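Dear colleague,

I am passing on the structure we spoke about, and my notes on it follow directly below. Please read them with the model open beside you.

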Amino acid sequence: MVFKNVREWLEAPAASVAERGGRLNVLRGAVARVTTPLLPDDYLHLANPLWSARELRGRVVEVRKETADSATLVIKPGWGFDFKYQPGQYIGIGILVEGRWHWRSYSLTCPPNWSEPGHGGKRVISIAVKAMPEGFLSSHLVNGVKPGAVIRLQAPQGRFVMSFPPPDKVLFLTAGSGITPVMAMLRGMDRRERVTDVVHLHSARTAEDVMFGNELRALHDRHPSFSTHLHLTGENGKFKLTDLDERFPDWRDRETWACGPAAMLDEIEKHWREAGLSDKLHVERFEAERSAIGEGGTVTFAKSDRSVEVDGATSLLEAGESAGVQMPFGCRMGICQTCVLTLSSGHARDLRNGDEKREGDKVQTCISAAAGDCTLEI
Amino acid sequence: MAITDIKAFAHLTEADIEMLGQELDAIRRSVELSRGERDAKYIRRTIAAQRGLEVAGRAILFGSRNRWAWLTGTALLSVAKIVENMELGHNISHGQWDWMNDPEIHSTNWEWDQTGPSSQWRRAHNYSHHTYTNVLGKDEDLGFGILRMTRDEPWRRVHLVQPVANLILAATFEWGIALHDWDAEKELSGHPKKWNSEPNKEFARKAARQVAKDFVFYPALTGPAWKSTLKANATANLARNLWAYAVIFCGHFPDGAEKFTVEQLDGETSGEWYLRQMLGSANFKAGPAMAFMSGNLCYQIEHHLFPDLPSNRYAEVAVKVRELCDKYDLPYTTGSLGKQYLLAFRTIHKLALPDKFLKRTADDAPETSSERKFAGITLPSLPTAAQMQETWHDTHIIPVDPATGQRYGLRSAMQEARVVLKAKAKHEKEVLREARRALKEKARQEKQMLREAGVALQERARHEQETLRHKPFWAKATRRFG
Ligand code: FES
C-alpha cells in the first residue's frame, strides 16, 4: 500500500507525458522530481529527438516516389509508439518547414506491426502523400523531405477501420489518394493471408495517376479472389453509381469502404441510404488540403458541445461568449496569450494580418475569426 | 497627476497618432513575415545552451567542496538560471515563439525555474502588466505593491522603510514576483479567500518543488558536499534575483518612463496604446552579450510595443522605432545600465519621504509628469508659436516647423521645458539671493544705526558724567544737605 503510494508519487510528474512508459515512468518521475520544472525529456530529446516522451517523434527513413506527384514516406517512430493500431486509421504528422511546424493527417498505408523488408526488420510505419495543386505542405512532403528529417507524430486514430477477421465479401470504392487507407487494409489482409472476396473500384484521372498500381496487380496475382477495377475519369468521366448493379451485381451483399473526395462520398452515402444499407457502409472523409474558405461560418466548441453561426468579423472569443461557453481571456487585443485555444478542425483567420490558421494550430481567439466552419477544443 | 491625455502630452494630433500606429503595425508585420528558420534555430540553440550550462554547473558542484569547483559551478548555474529566466521563461511565456507551432516551445505550456507557477505569472504579467502598462491603480507592477515609485501615489508611513524594502525585494525577487502573481491570480480568478482554491494549490505545489529541488534534492545528491552545494544553489538564485530585479527596474523606473491615469484608458485607440507603451518604458544600452543575458529586455520599449515578437529581433526593431521617435519628435528613453538604475534608485529613496520634503509635483517630477507640465511654458524659440490660437492645447500642437520642416513634438517640448524650468529655477534663485542681499543690507544698516545710536548714547552719558564731575562744589553740597 505504502509502496504503491510512493510509486504513484514518484510517477506523478511524468504521468502526463509518458503514459506509454511502463516501468520507466518511475525512473522518469523520480528524475523529474529533481530536475523540476524541467522534465527528463527536456534533456533527453536534445540528445535524440526520438527519445522524447512528451510527444511522439519519428524520423523519415525513406521517401519513395509512387507517381509523378505522390510519394510514400517510411517513418521510424520514436520512443513510446504503439504499433497496435488498426488498418485504415490515420496519423497526425507535424513537419518543420522554415522554422515552423505544420500539422496534417494522413492515412497509414501499412498494416500494424508491419516491417518493411530492407529495413532490417526495424519497426517502421508508412504514409502516402499526394501533392495537391495548392497544398504547400503536401508538395513539400512529396518533393522536399529528405530521409533523416525528424517529424512529430500523433497516435493513430480514426474509425475507418477493418476488423479482423475480414468480412467474406468486401467492396472498396476509392478515388485519388482515397486509396491510401484501403491500401493498409489490403496489405493487412495480405500479410495475414486472409484475402476474402474483395473487389476494388478505383477512380483516377489517367493510368499514370494510379498509386500502388504494380502492387495492386501483384496482389491480384497472389490472391485471385481480389481484383481492382480502374475507372479513368479523364476518358470516361465520373463513375456513375447506377452502374454498380451492372459491374458488381452483388454490391448489396458486400461490406463497403469508401474514401475519396467529399462530393463522391456524399453521393455514395445517399445511394446506400436509399438502398437501406447505411450500416454496411464505412466512409472516410479527407479534409482536402485547401486554404480557408470564405469568411465566417459555424464555430463548434467541442467540449462544451455548443456551436454558433458567426460572420467573418466576429472574433472566436466573442463567438464563444455569445454561445455561453466559458472562454479564457485577458487583454482582448492580442498581446497576452491568455485566450489561446487549439483549432481542432477547419480554418480561422488572424484579424490583424489575415494570417491563416488551420487544424492543429493554436489560435488567439480574441483576434481570430472563423474562415469557414471550424471547431475549437474547449 | 500623471498623464490623463496622451495626445496633449505627446504634442500629437489624432491623425499623427493614428499614423504612428500604422507605422508600428508595419514594423510588426515585416518581422512576422520574415520569421523563419533563423529565428527557430536561435531559440533552439539557446535552449540547448541553457540546458548544457545547467547540467555542467550541477555536475561540477558535485566537487563543490573544492573552492574552484564551487566558484565555477556556481557561476555556471547562475548564468544558466539567468538565461532560463530571462531569455527562455519570460520570452517563451510571452508567446514569442508560438508561431513555430512547437508544443515544447509554446506559451501555453512552458514552465520556468522560478518559485511562482508560470501560469500565474502569465496572467499577472502578460495580461495585467502588459495591457495596462503604467496605468495607476491598474498596473500592479508599478512598485509591486511595496514601493512607492511615483508621487501620484499618496505617501504612507510604511514608505519610510522603502530603502530596506527595496534591498529585500532585490534579493528575493523571485519570491516577490511569485507572491505578487499569486495575489493577482486569486483576484482575477475570483478566489480571494478559500484556502484550498486552485490558485493556492498550484502555488504551493510549485513553490514546494522549487525549494525542494534547490535546497534538498540537489544538495543531497552531492552527498558529503551537500553544504557547499546548498550554498552554491542559494548563491545562484540570489545572483539571478538581483540581475532580474535590476533589468526590470531599469526598464520601468528610470526618469522618462511615464505614468498614466485611468482616464487615459477611456476609449484608447490602438495608436494611443502603442504610444503609452513607448512613453511608459525605458531601455538601457547593452552589447550583444548583455542583451542576451537580459533576455533582450534592454529593449524594453520594443518589448512593450511588441511583446510577442521574437526577442532576437528586438535589436533591429529598435533601429526602426528610434527612427519613428525622431520623425515624430518623441523621446526614446535610454542610457547606460548604471545610469538607468541610479535614476530608479534615486526615485526609490526620494519617494520614501513625505511630500512636504519633495520639491516637484506629480505634474513635473522626474519620474512622472503630465501634460500640465507644459502649461504656462512659453516657447520663445518657435516663431510660429505666437501666431497660434489662444487655447493651451493649440499653442502646444505645432506639427511642423515651416522653416526647417522639422516636426515639433514632445521631445523638443521636454527640452524646452527643461530649459524653461531651469531658467525659472535660476531666476527664482536670483530673486531669492537678491532678497537675501537686500535683507542683509537692511540688517547691516540697522546694525549700523544701532551702533551709532549706542555710540551717541554713550557719548551722552559720558557727557553727563563729565558735566556732573565739573559741577561746582556748592552745587553738590546743596544737593547733599539741602
Ligand atoms: S485575450 Fe489577450 S491575447 Fe487574446
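Helices (H or I, at least four residues) and strands (E, at least two) are DSSP runs, numbered from the N terminus. This is a predicted model, in which local features need pLDDT of at least 70 and side-chain atom pairs count only at pLDDT 80 or more, while totals for chains, interfaces and linings use all residues. Residues are numbered from 1 along each chain as its sequence is written, chains are lettered from A and ligands numbered from 1 in the order in which they are written, and side-chain values use heavy atoms, with hydrogens and water left out.

In chain B, the loop between α9 (226-252) and α10 (270-280) holds B:T261. B:T261 counts as buried because its relative accessibility is 3%, where buried means under 20% relative accessible area, with a 1.4 Å probe and protein chains only. Leaving aside residues up to four places away in sequence, B:T261 touches B:M1, B:A2, B:I3, B:T4, B:V135 and B:L136, contact meaning heavy atoms within 4.5 Å.

Also in chain B, helix α7 (residues 173-189) packs against helix α8 (residues 198-221) at an angle of about 165°, with the axes 10 Å apart. The two are therefore roughly antiparallel, a term for angles over 145 degrees. Among the residues that meet there are B:W175 and B:W182 of α7(B), and B:F203 and B:V211 of α8(B). The residues of this contact divide into eight nonpolar, two polar and two charged.

As for chain A, it has ten helices and 17 strands, and 52% of its 378 residues count as buried.

Best regards

How values were computed:
Axes fitted to C-alpha atoms, helices over the stretch in contact; angles between N-to-C directions. Parallel < 35°, antiparallel > 145°, perpendicular 65-115°, else oblique. Nonpolar A, V, L, I, M, F, W, Y, C, P; charged D, E, K, R; others polar. Buried < 20%, exposed > 50% of the residue type's maximum accessible area, 1.4 Å probe, protein only.
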